[in-house]
Each structure stands twice: as C-alpha cells, then as structure tokens.
Amino acid sequence: MMQSWLKTIVDVISNIDPAQFGPCEPPPPRMPRVYAEQHESDEEKQFRKVFHQLAGDDMEVSPCELKNILDRIISKHKDLRTDGFSIDSCRSMVALMDSDSTGKLGFHEFKYLWNNIKKWQGVYKKYDADRSGLINSHEVPKAFKAAGFGLNDSLLKMIIRRYSENGDLNFDNFITCLVRLDAMSRAFKTLDKNNDGKLIVNTQEWLALTMYS
C-alpha cells in the first residue's frame with residue numbers, strides 16, 4: 001500500500017509543468033525597521049500603520065493573531081462559505097510565509113500574504129458561478145488557473161480529496177491550499193538551480209522543506 005501511495009505521489013510530481021506555476025514575487029528580506037520606514041512609499045507607510053494596529057507593539061503576527069484577523073475579516077463577507085480558519089491552517093500559513101524562521105510574520109511577510117488573500121478572494125468570488133459560496137469540483141480547475149496555478153488532472157484530484165468536503169472547497173480551504181501551492185512552487189524554483197524542472201534533495205533537505213509547513 002505504501003509503495004502504491006509513493007508511486008502516485010511521484011507520478012503526479014513528475015507530470016507537473018513548473019512553467020505553469022505563477023507564484024508572486026516573494027516578500028523582500030526583513031530589514032531594520034528604521035531603514036525600512038525611511039524607504040517606504042506612502043501606501044506602504046499607511047499599510048504599516050494598519051499592520052501595527054493588527055500586530056501590536058512587537059510588529060509580528062503569530063498564528064493565533066492571524067486566525068483572529070482572518071476570522072474577523074471573513075465574518076464581514078456573508079457571501080463566502082467558511083467554517084473559519086483553523087489554528088492548524090494558520091500555523092501552516094505562518095510557517096509557509098515565514099522566510100526568516102521566527103515563527104511569526106513580519107511586516108513584509110504579512111503584506112505579501114495579505115495581498116495574495118485579497119487577490120484570491122476575487123478569484124474565489126468570480127469562479128463561484130452558482131453563487132453557492134463554495135467552489136465545486138467543476139469550478140476548481142479554472143479557479144486555480146486564474147489564481148496562477150495551471151495544474152494537471154492528477155494534482156487537481158489530489159487537492160480536491162485533501163481540501164474539499166464532498167467535492168466543494170470553502171473559502172478557508174481554498175486560501176490554505178493556494179498559500180501552500182504558492183510557497184512550495186517558490187521553494188521549488190529556488191532549489192531548481194538548473195531551471196530544468198528537476199530537484200535532487202537528500203532526506204534531511206526534503207524533511208526540512210516539507211515538515212515546517
């Protein structure tokens with residue numbers, strides 16, 4: 001059974017075309033706050049004020065804080081079907097966006113995630129064709145492609161099994177899945193030194209890549 005499962009994973013990964021992935025540019029490295037503030041645009045300065053209100057004086061967002069922020073926002077959108085973001089999903093999102101391994105999201109990491117969530121919220125609403133508040137299995141391929149990820153049938157089926165209930169993706173599962181896709185495809189492109197769509201990693205590197213997510 002284990003051999004069959006591994007073969008399925010390998011087959012799916014082997015059929016992925018890396019060129020079809022469209023992750024956004026990653027957040028820039030964390031800079032000293034004084035330096036960063038001196039070189040920010042007016043829009044970034046305004047966003048930093050909002051971030052300070054959300055994150056508090058430490059200017060970092062923990063998984064619990066991220067859950068509270070997202071649930072508060074989603075509660076205002078009655079057209080989005082959701083059970084609320086679970087703490088495990090928020091831990092995963094923080095880990096995937098946590099470029100400096102602090103266990104929390106700094107300003108640029110949070111801004112990157114925030115901008116993606118806003119963009120993917122628009123995609124979710126657009127491809128919820130029947131206005132059910134859910135993305136059903138027939139709507140998933142176009143929705144993911146519009147979000148920047150053209151996936152093959154095998155991977156789409158795997159995602160639907162993992163993230164849906166009866167073939168339907170609610171908003172929090174849709175976002176959680178896209179955050180993972182974005183982060184893992186960025187990691188792949190970073191590690192693909194020859195730009196040939198192939199990776200050679202040892203066990204420790206593979207575990208480091210997959211376990212903290």
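Of the 213 residues in the protein chain, 40% count as buried, where buried means under 20% relative accessible area, exposed means over 50%, and partly exposed is in between (1.4 Å probe, protein chains only). The chain has ten helices and zero strands; helices (H or I, at least four residues) and strands (E, at least two) are DSSP runs, numbered from the N terminus. Keep in mind that this is a predicted model: local features need pLDDT of at least 70, side-chain atom pairs count only at pLDDT 80 or more, and totals for chains, interfaces and linings use all residues. Residues are numbered from 1 along each chain as its sequence is written, and side-chain values use heavy atoms, with hydrogens and water left out.

**The overall layout**

- Take the contacts between residues at least 6 apart in sequence: 69% of them join residues at least 24 apart. Contact here means heavy atoms within 4.5 Å.

- α5 is mostly covered, with eight of its eleven residues buried.
- The buried ones are S89, C90, S92, M93, V94, A95, L96 and M97.
- Among what covers these buried residues are α4 (63-74), α6 (107-127) and α9.

**How α5 meets α9**

- Helix α5 (residues 87-97) packs against helix α9 (residues 171-191) at an angle of about 25°, and their axes are 10 Å apart. Axes are lines fitted to C-alpha atoms, for helices over the stretch in contact, and angles run from 0 to 180 degrees between N-to-C directions.
- α5 and α9 are therefore roughly parallel to each other. The cut-offs: under 35 degrees is roughly parallel, over 145 roughly antiparallel, 65 to 115 roughly perpendicular, and the rest oblique.
- α5 goes past α9 in a left-handed crossing. A crossing is left-handed if the near helix is turned anticlockwise from the far one by less than a right angle, and right-handed if clockwise.
- On the α5 side, S89, S92, M93, L96 and M97 make the contact, while α9 brings I175, T176, V179, R180, D182, A183, M184 and R186.
- Sorted by class, this contact has seven nonpolar, three polar and three charged residues. Ala, Val, Leu, Ile, Met, Phe, Trp, Tyr, Cys and Pro count as nonpolar, Asp, Glu, Lys and Arg as charged, and the others, Gly among them, as polar.

**The largest nonpolar core**

- This core has 47 residues, and L66, F144, F174 and I175 touch the most other members. A nonpolar core is a set of buried Ala, Val, Leu, Ile, Met, Phe, Trp, Tyr and Cys residues joined through side-chain atoms within 4.5 Å.
- The elements giving two or more residues to this core are α3 (42-55), α4, α5, α6, α7 (140-146), α8 (153-163) and α9.
- Leaving aside neighbours within four places in sequence, I175 is in contact with F85, M93, I117 and W120.

**Loop residues to look up**

- R131, in the loop between α6 and α7, has a positive phi of about 55° although it is not a glycine. R131 is exposed, with a relative accessible area of 61%.
- N166 also isn't a glycine, and its phi is positive at about 55°. You'll find N166 in the loop between α8 and α9, exposed at a relative accessible area of 82%.
- G148 sits in the loop between α7 and α8 and counts as buried, at 19% relative accessibility.
- G148 and L178 are 30 residues apart along the chain, and their C-alpha atoms are separated by 9.3 Å.
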